[in-house]
Amino acid sequence: MERKTARDFHPEVLRWFDLYVHGQVDRRGFLNGVAKYAVGGVTAMMLLESLQPKFAEAQQVPKDDARIKAKFVEFPSPEGYGKVRAYLVAPANASGNLPGILVIHENRGLNPHIEDITRRLALDNFIALAPDELSSLGGYPGDEEKAVALFAQLDQTKCRADFVAAANYLKTLPECTGRIGVVGFCYGGGIANMLATRLPDLGAAVPFYGAQPSAEDTAKIKAPLLIHYAENDPRIDAGWPAYETALKGAGVKYQMFQYPGTQHGFNNDTTPRYDKAAATLAWQRTMDFFKKNLR
């Protein structure tokens, strides 16, 4: 079956889907919102189904790939939710200690897509750790809609403490050099920005279409940033001018790239919002950035 892209959907359908995946409308709200765009034998439910993630089809690195060592771990987070479950992946034949990368998921917890990204990083010779912020609620439930609903129940102050604890856990692993970076997507992009304000020894931060910190917090950033934005993402892009001003005012080293014609979530290769050309370029830039700043 031919894979659909964002160009196969009316922009308003994509806007409603963005609201839906961020918990701003429920399933019924989405279906009602897109009903008038369901034409030619296509129903609103069919539109929703075609936009939902297809994890198996997008997987790049199998769970049992012989080139990696993957396991689930738990680390303490006394100021957060007490303990957090995470996916830890390293190259199978690593020689010596390696830098670490913290992988921060979207607002659905540690789903198969984020696990796959974590394995991809290990193949680039990093130790990668992906916490599941839904740990305190039983973990990622295997259903995206249920995951969004669970995510809305979380105390974000505790969540931020959990991610700080994750960074501290990663950099103190015996197999890690102690030099770490962070990459995050959507919600995770906002957390990547946040961690840059909270961790003065962070080696590098790469937020993909993430919410921006305040100007006061931006002044605390010491790590270099590589910032990725979509062109058609008004909810997130609206925060960039103030962030740019604050970054320049604080003398933070950063690069920002905005990818023409892309939608929020363009790096996520499980949905039609994925843009292969932009995602490939953004990921290559990300890998080059981490290799430059963490090794």
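Reader: What percentage of the 295 residues of the protein count as buried?

Author: This is a predicted model, and the values given here are computed from it. A residue counts as buried when its relative accessible area is under 20%. Applied to the 295 residues of the protein, that cut-off gives a buried share of 55%.

Reader: How does the radius of gyration of the protein relate to what the globule rule gives for 295 residues?

Author: The chain folds into 12 helices and eight strands. Its radius of gyration is close to the value from the globule rule for 295 residues, so the protein is as compact as a globular protein of that length. The C-alpha trace spans about 60 × 45 × 35 Å along the principal axes. The radius of gyration and the rule both come to 19 Å.

Reader: What share of the contacts with a separation of 6 or more is accounted for by residues 24 or more positions apart?

Author: A contact here requires heavy atoms within 4.5 Å. Among the contacts in the protein with a separation of 6 or more, the share that joins residues 24 or more positions apart is 66%.

Reader: Which helices do the buried residues of α2 pack against?

Author: Helix α2 covers residues 27–34, and its buried residues are Phe 30, Leu 31, Gly 33 and Val 34. They lie on the same side of α2, because the arc they cover around the axis is only 165°. The face turned away from that buried side carries the exposed residues Arg 28 and Asn 32. The packing partners of the buried residues of α2 are α1 (11–21) and α3 (44–51).

Reader: Which residues does Leu 137 touch, not counting residues up to four places away in sequence?

Author: Leu 137 sits in the loop between β4 (127–131) and α6 (144–151), and its relative accessibility of 33% makes it partly exposed. The C-alpha atoms of Leu 137 and Leu 154 are separated by 8.7 Å, although the two residues are 17 residues apart along the chain. Leaving out residues up to four places away in sequence, the residues that Leu 137 touches are Leu 150, Gln 153 and Leu 154.

Reader: Is Gly 142 buried or exposed?

Author: Gly 142 also belongs to the loop between β4 and α6. From its C-alpha atom to that of Pro 234, 92 residues away in sequence, the distance is 29 Å. A residue counts as exposed when its relative accessible area is over 50%. Since Gly 142 has a relative accessible area of 59%, Gly 142 is exposed.

Conventions
Residues are numbered from 1 along each chain as its sequence is written. This is a predicted model: local features need pLDDT of at least 70, side-chain atom pairs count only at pLDDT 80 or more; totals for chains, interfaces and linings use all residues. Side-chain values use heavy atoms; hydrogens and water are left out. Helices (H or I, at least four residues) and strands (E, at least two) are DSSP runs, numbered from the N terminus. The radius of gyration is taken over C-alpha atoms; the globule rule is 2.2 Å times the number of residues to the power 0.38. Buried means under 20% relative accessible area, exposed over 50%, partly exposed in between (1.4 Å probe, protein chains only). The arc is that of the directions from the helix axis to the C-beta atoms.
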